[in-house]
Amino acid sequence: MTVIVVLMILAAAAAWEIYVRSIGYAPTLNDNEDLWTMARRRVTPESVVIIGDSRAWFDLDLDELQKGLGKRPVQLGMKGSCAYPVLADLANDETFHGTIICSITARLFMAPPGSPPMDHSAKAVRRTRTQTPAQRASQYLAMPLEEHVAFLKQEELDLAQLLKGLPIPNRPGALVPPRFPPYFATVDRERRARMIEQCADANGELARRIQQIWIPLFTPPPPPTYIPRAEFGKQMGQAIEQRFRDVASAVAKLRARGGKIVFVSFPHSGGLKELEDRETPRAGIWERVLKDTAASGIHYEDYPELATFTCPEWSHLSAGDSVEFSKRLVPHLRAALQL
């Protein structure tokens with residue numbers, strides 16, 4: 001009986017593995033809080049650290065940055081996240097006086113407390129202080145399996161996530177949250193994200209599908225009905241001003257210890273770029289952050305050699321383009337950081 005049960009389990013696992021690979025999945029590490037914590041522990045006092053949203057995560061090639069900057073950066077960027085909690089964590093780390101490359105995607109960078117982008121970053125930072133020995137051991141044990149088994153994609157292929165994919169329409173008093181993009185990148189032990197080949201074709205089915213997912217994700221939700229519109233606008237304005245002050249304070253702390261920071265705006269394309277240019281123009285948040293912090297900024301549109309790249313799914317560069325983009329970005333980073 002035991003042998004039969006074991007064989008049935010192995011057969012079911014093999015069938016599920018064959019199926020998920022047939023629909024486009026491949027083995028990759030889960031980019032969870034424990035993997036991020038492993039990267040955070042690699043930060044030394046003089047490290048070069050990448051923080052911010054997924055554009056820095058996809059678009060910066062660590063090999064090219066190491067060649068150009070002389071140090072291998074630590075990748076702390078996170079998908080769908082706000083950079084501020086990580087910036088504050090590094091600024092409050094009295095041992096750190098290195099260099100920060102910070103991505104700015106305006107809507108994510110200014111995400112208010114309690115929002116998913118803030119919570120995502122804050123939970124990762126908190127895990128560095130609360131991680132148990134069991135969680136740490138579990139991460140080390142999981143990685144060899146995740147690198148060889150495709151169905152261990154916990155953010156998409158567990159039952160809860162599969163149920164969220166059911167086509168449920170909006171109903172009165174119950175709005176269905178926007179969907180998140182499906183699997184379209186691999187992640188390694190250094191947390192380098194690389195777009196898979198199926199997504200690198202802008203006219204391919206996967207890229208077109210993700211393009212249409214970004215629009216509702218980046219479109220702000222309607223204001224709540226239980227707060228007067230004027231009061232809600234006032235509260236949002238206060239939260240935005242507080243974020244500007246907090247970022248300026250964190251940068252000042254970093255500089256006081258001899259640290260450096262450069263802000264970078266990464267390429268984006270198509271309908272998503274049109275939406276971001278309309279809702280969060282660079283004259284607003286981007287310029288204000290540079291003014292308040294007196295920090296250097298590299299906006300890809302200011303340099304022809306950086307502005308020629310097209311994002312297949314509108315928000316990130318393909319794996320090949322990320323290498324070339326990083327190579328072209330290095331001279332601008334060196335100038336901004338006075339290296």
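Ring pairs link Trp57, Phe58 and Phe184 into a cluster. Rings of Phe, Tyr and Trp (its six-membered ring) are counted as a pair if their centres lie within 6.5 Å; planes under 30 degrees apart count as stacked, over 60 as edge-to-face and the rest as tilted. This is a predicted model, in which local features need pLDDT of at least 70 and side-chain atom pairs count only at pLDDT 80 or more, while totals for chains, interfaces and linings use all residues. Residues are numbered from 1 along each chain as its sequence is written, and side-chain values use heavy atoms, with hydrogens and water left out.

The structure holds eight aromatic pairs. In one of them, the ring centres of Trp16 and Tyr19 are 5.6 Å apart and the planes are at 25 degrees, so this pair is stacked. Both residues belong to helix H1 (residues 2–22), three residues apart, about one turn of the helix. Helices (H or I, at least four residues) and strands (E, at least two) are DSSP runs, numbered from the N terminus.

Trp214 and Phe218 form an edge-to-face pair, 6.1 Å centre to centre with 80 degrees between the planes. Are these two residues buried or exposed? Trp214 is buried, and Phe218 is too; buried means under 20% relative accessible area, exposed over 50%, and partly exposed in between (1.4 Å probe, protein chains only).

I turn now to the strands. In strand S6 (residues 260–265), five of the six residues are buried. Strand S3 (residues 99–103) runs parallel to S6 and is joined to it by five bridges; two strands pair if DSSP finds at least two bridges between them. The bridge partner of Ser103 in S6 is Val264.
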